[in-house]
Amino acid sequence: MRLAAVVLVACLAAAHAPAGEAPSVPVDVLLRMRGTSLESSPAVQAALRRALEENRGTPRFLELVRAFDLRDQQPGLLELAAALPRESAGIEALQRTLDQDGIAPVRSALAGPAAAGLIDALGGVPDDRVVDELLRPMVASETVTPALRSAALQSLARTESGSRALLDLAADGTLTGELRAETARLLSNSFWPAVREAAATVFPAAEAAGEREPLATLLARPASASRGESLFFGKAACAACHLSKGRGTDFGPDLTTIGDKFGKPAMHLNIVDPGAGIVFGYEPWQLELRNGVAVGVISSETADEITLKTPGGVVIRHNRADVLSVTRLPASLMPEGLLDSLDNQEVADLLEYLASLRAVPAAGR
């Protein structure tokens with residue numbers, strides 16, 4: 001009965017389409033037709049092709065490709081990945097291209113105008129081929145522009161296998177100048193403890209911020225919340241994983257009202273020892289996949305999919321058929337040593353800003 005109604009809507013749309021044009025059928029209607037044989041349904045096939053063109057560059061395009069398991073939409077998938085590199089749809093589109101067509105079309109696209117967006121999207125694809133055959137060669141190549149080499153470097157640092165590739169490039173002298181300095185900064189603050197430990201041996205120790213004062217002395221310092229805010233969104237890199245009043249990255253707990261929940265001593269402890277109290281719902285998990293490893297927070301699960309929010313706030317859906325194992329990680333994804341680059345005054349200012357983050361009082365109170 002439902003299929004009959006769907007076909008009727010498609011027929012009505014076709015009847016009102018201008019002569020010679022495919023019917024314009026709502027995407028939701030077409031999605032209800034999944035499973036329909038396109039070869040035996042020319043009207044549906046024509047309507048689908050028009051919908052694909054009308055929705056290029058949007059998540060709806062991917063929904064249609066997925067629903068009908070289309071194998072001839074590589075250009076549109078790569079366009080979507082470049083347009084939405086930090087969104088689930090863009091990353092899934094790129095992974096779909098890799099699974100269906102391999103590395104070659106992505107490598108070709110990286111030589112074109114969409115390179116920057118594709119490089120960004122590749123950082124969210126948990127596929128070892130991305131590291132070995134695409135990003136690592138770009139970082140190592142002196143013929144690639146400095147801007148694209150830097151972008152590839154940043155994408156490599158978003159995965160453990162990519163971070164290890166960067167360690168190798170740094171150790172063998174391939175990385176020099178700004179690229180080496182950028183690698184040192186990224187890997188010294190890596191989500192993976194083993195990467196941070198290895199980085200400490202590959203790169204010279206960063207300039208010490210000075211001897212750390214006892215906590216009581218540090219908290220007694222006059223402090224500035226405005227300076228602390230600048231640190232939160234800058235040098236301290238808190239916004240790389242946390243939101244504050246709508247700004248930042250939606251990965252770790254939202255800190256907009258953290259001042260209502262913890263005092264400065266507890267905040268200091270949570271930064272110095274992130275594993276001391278992992279917030280419920282933010283437990284870290286590792287998925288071993290067919291072509292790589294993904295790490296993040298599980299945001300939802302169904303019988304068919306596991307949805308993972310990864311560092312950077314990107315949400316990626318994984319088919320259970322592609323997941324070999326799911327492991328709860330013992331340590332927090334928040335790296336230790338985040339205060340090491342700050343001097344005593346900067347730590348005091350950062351804590352002052354965090355303490356100022358409170359819910360807006362209700363009117364009349």
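Tutor: Let us begin with a definition: helices (H or I, at least four residues) and strands (E, at least two) are DSSP runs, numbered from the N terminus. Please keep in mind that this is a predicted model. The chain has 17 helices and seven strands.

Student: Which helix and which strand each supply at least two residues of the lining of the second largest pocket?

Tutor: They are α6 (88-101) and β6 (314-319). The largest share of this lining comes from α6, with six residues.

Student: What is the volume of the second largest pocket, and which residues that line the pocket are the closest to its centre?

Tutor: The volume is about 520 Å³. The lining has 19 residues, of which Glu-92, Gln-95, Asp-99, Asn-319 and Asp-322 are the closest to the centre.

Student: How do the residues of that lining divide into nonpolar, polar and charged?

Tutor: Four are nonpolar, five are polar and 10 are charged. Asp, Glu, Lys and Arg count as charged.

Student: Why is Asn-55 called buried?

Tutor: Buried means under 20% relative accessible area. Asn-55 has a relative accessible area of 14%, and therefore counts as buried. Its place is in the loop between α3 (42-54) and α4 (59-67). Leaving aside residues up to four places away in sequence, Asn-55 touches Val-27, Arg-60 and Phe-61.

Student: Why does Lys-245 count as exposed?

Tutor: The term exposed requires a relative accessible area over 50%. Lys-245 is at 58%, so it is exposed. Lys-245 lies in the loop between β1 and β2 (247-248), and has a positive phi of about 55° although it is not a glycine.

Student: What makes Ala-237 partly exposed?

Tutor: Partly exposed is the range between the two cut-offs, under 20% for buried and over 50% for exposed. The relative accessibility of Ala-237 is 42%, so this residue belongs to the range in between. Ala-237 is found in the loop between α15 (225-232) and β1 (243-244). Although not a glycine, Ala-237 has a positive phi, of about 65°.

Student: How many residues are in the chain, and what percentage of them is buried?

Tutor: The chain has 365 residues, and buried residues make up 44% of them. The accessible surface of the chain comes to about 18,100 Å², and 55% of this surface belongs to carbon and sulfur atoms.

Student: Among contacts between residues at least 6 apart in sequence, what percentage joins residues at least 24 apart?

Tutor: The figure is 60% for this chain.

Key
Residues are numbered from 1 along each chain as its sequence is written. This is a predicted model: local features need pLDDT of at least 70, side-chain atom pairs count only at pLDDT 80 or more; totals for chains, interfaces and linings use all residues. Side-chain values use heavy atoms; hydrogens and water are left out. On a 1 Å grid over the protein atoms alone, a cavity is a set of points where a 1.4 Å probe fits but cannot get out, and a pocket is an open set with protein on both sides within 12 Å along at least five of seven lines; lining residues have an atom within 4 Å of a point. Grid points are joined across faces, edges and corners, and a volume is the space filled by probe spheres set on the points. Buried means under 20% relative accessible area, exposed over 50%, partly exposed in between (1.4 Å probe, protein chains only). Contact means heavy atoms within 4.5 Å. Accessible areas come from the Shrake-Rupley method with a 1.4 Å probe; for residues, only the protein chains shown count as cover.
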